[in-house]
Every structure is written in structure tokens, then in C-alpha cells.
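This report covers a ligand shell, a helix, a pair of domains and a nonpolar core. The sequence and structure come first.

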Amino acid sequence: DWSMAEFKAAKIAEIRAQVGSSRVICGLSGGVDSAVAAVLIHEAIGDQLTCVFVDHGLMRMGEADQVVSLFKGHYNIPLVHVQAEALFLGGLAGVTDPEQKRKFIGKTFIDVFESEARKIGGAEFLAQGTLYPDVIESVSFTGGPSVTIKSHHNVGGLPERMNMKLVEPLRELFKDEVRALGRELGLPDVFVGRHPFPGPGLAIRIPGEVTRERCDILRKADAIYLDEIRNAGLYDAIWQAFAVLLPVKTVGVMGDGRTYDSVCALRAVTSTDGMTADIYPFDASFLQRTATRIINEVKGINRVVYDYTSKPPGTIEWE
Ligand code: XMP
């Protein structure tokens, strides 16, 4: 794509001018945006870049391995893999307010990046894959009064005091443009086509308190849901699909026993930029099959519901 090739060349020049001979740390989240930012910056400044993948314990099934193998195996870009589950889950204990979760996660990411920067002898810059919609939605709702809808972890979730300056080469782009840039940079199609995944991860898909046990339950349900979506050939027709674990228990019956377990909600939407979204109209048979599998295979869930809310008035994530 000609215009993306131009954009890429211009951004590379801009990054070099901004960074000079300083070191840059780039946080990888497992998503497309941070991966594209990392590969672009690596083309610009080579080994002045260190990528840091913070495993906060809020990743989906198998996600950490996929990111590490893409970067180490495919690109040979140096990658520091930080195991920080205890740090994040410890700090989230007892926290139920969505904005408090987001702020804590944003601040803790920065703490980890700053500590990794010290280990490599200091980095003046922190690179992030912030997109245009992240910026808008953290600041205000377009056209309306200045109200924060939610603090996207890499914008409104950042602490006020930070030692590093930001490098955000994707800040003017929408998702489809980031995907085009990713292809231009040679990222594999399966990676570029992945559904968006939010930086705060499963924490904002577990309303109420986030615990290791609830993350494990949600990971299993989510993996089954995505497996069914792929088997049905629907993955690419959907912008984003995921399971949510509700802090509500209901009564059920399985075999000849009573169950009293959590409710799981399934969400799937179509969208072009994440700013507005419509629900994906699955066949009843798809939903029935998926619900049955989740209830039979995941201990701790005995009821599955489907979310029929578009955006607006809903948001895509539940928190
Ligand atoms: P909402 O829930 O605001 O989500 O309708 C719009 C899109 O943004 C993603 N999202 C985030 N991405 N950090 C991110 O990197 C965040 O803090 C964050 N919050 C929401 C969400 O998954 C959807 O694609």
C-alpha cells in the first residue's frame, strides 16, 4: 500500500528525530497495536529498543506464549518477559471499582517499565501503541460535555508523575490503519487480524473483585467461546468477541444435584473503529452449542447469557 509505505517512512524519520541516541522501552500487551509500534520502532532505531512483555496474569489462554514466540522466534527483537502476576493480582485484591482497577493497572505497568529501564542502565523513552480512539475516549465523549467514559490504561490510566517521555507513533491512527501498517511491516496475517484485547486484560471482564481463581474460570470459558467462533468460520467477521464472568451466582441443576455457580456473559460485536459497535447476530444453534460446552466443561459456571447491547449505549468492554 503506497500511502502506508509513505506513512511508515515518515514515522521512522520522526522517531529517529525524537529519540536521537537514547534508549527506548516498549511495552507489549499481546495486542496488535503494541506489536506494530514495536516493529516500527525497531526498524527506526534497531537495538536502542528493548521490548518488555509484562505478564500481569490477566492474559487469555496461551496469550503470553504467542507474544513471546512471535517476538523472539519471528523477529529476533530482544524481549524481556516480566512475570508480574503476584504484583498485579495482589494490588487488585479487594478492588471492585472499574476506574480504580484501570488506574492501578496503568500505574503498575509504569512502575514495571521504570524498573526494567533501570536494569538496562536507563531509558529516556517509553513507547506505547496508543491509537486515536484511545486518546479520544479517555478524554471526552465526542461532541458532548467533557466526561471520561473510561481511562484507557495507556492514556488516562497513566500516573501523573513519570520519569520517561512517551513515544506514540500510532496516536493518529484508527485500527484498520494500524492493521495496514502491520502488514506493510511484514507482521503475519494471523497476528494482524487478531481481535483487539485491552491492556487491563481480564480485570475489566470480571466485574467485582478479580482473583486468580476467577481469572482461571474466565480463561477457560473464553477459550471455548473463541474455539467455537473459529470452528464456525466467524472469527474474521467479528470485531471482538469475549466472555465476561459476572459476580452473580444462580441456582442450577446438573445430573441429580443442585449447583450454585457464576453466570458467564458472552459478547461479540462488529465495528470499524471501536467507537461504535453493533452486536453480532449469532444463530441460536451457535449460542446453544457454546453455552452447553461452557457449562459442561468449566467448573464454576452454570449459566450463560448473551449480551445484546450495542455501543452506544453500552461500551464494548463491561468496565
Ligand atoms: P470500550 O469498552 O471503551 O472499548 O467500548 C473500545 C475498544 O477499546 C478497547 N479498550 C482498551 N484498549 N486499553 C486498551 O489498549 C484500555 O484500557 C482499553 N479499554 C478498552 C476495547 O477492548 C475495545 O476494543
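## Ligand shell

The shell around the ligand is made up of four nonpolar, seven polar and five charged residues. Here Ala, Val, Leu, Ile, Met, Phe, Trp, Tyr, Cys and Pro count as nonpolar, Asp, Glu, Lys and Arg as charged, and the others, Gly among them, as polar. Of the 16 residues around the ligand, P198, G274, T315, I316 and E317 come nearest; a residue is near if its C-beta atom, placed from the backbone, lies within 6 Å of the molecule.

This is a predicted model: local features need pLDDT of at least 70, side-chain atom pairs count only at pLDDT 80 or more, and totals for chains, interfaces and linings use all residues. Residues are numbered from 1 along each chain as its sequence is written.

## Domains

Domain 1 spans 2-192 and domain 2 spans 211-306, with bounds from an automatic or database domain assignment. Their C-alpha centres are 28 Å apart. Nine residues of domain 1 are in contact with nine residues of domain 2, contact being C-beta atoms, placed from the backbone, within 7 Å. On the domain 1 side, the touching residues are five nonpolar, one polar and three charged.

T211 sits in the loop between α8 (189-192) and α9 (212-231). Helices (H or I, at least four residues) and strands (E, at least two) are DSSP runs, numbered from the N terminus. The C-alpha atoms of T211 and G94 are 9.1 Å apart, although 117 residues separate them along the chain.

## Nonpolar core

The largest nonpolar core has 76 residues, among which V24, C26, V36, I41 and A221 touch the most other members. Such a core is a set of buried Ala, Val, Leu, Ile, Met, Phe, Trp, Tyr and Cys residues joined through C-beta atoms within 7 Å. Helix α2 (residues 32-45) supplies the largest share, ten residues. Domain 1 (2-192) and domain 2 (211-306) both contribute, so this core lies between them.

Beyond its neighbours within four places in sequence, C26 is in contact with S34, A37, A38, I41, L49, C51, V52 and A127.

## Helix α5

Helix α5 (residues 98-119) has 22 residues and reaches 32 Å from its first C-alpha to its last, close to the 32 Å expected at 1.5 Å a residue; the expected span is 1.5 Å times one less than the number of residues. Its buried residues include I105, F109, V112 and F113. The cover over the buried residues of α5 includes β1 (24-28), β2 (49-55), β3 (79-83), α4 (85-92) and β4 (125-127). Just after α5, G121 has a positive phi of about 85 degrees.

Terms used: Buried ≥ 20, exposed ≤ 12 C-beta atoms within 10 Å, placed from the backbone. Contact = placed C-beta atoms within 7 Å.
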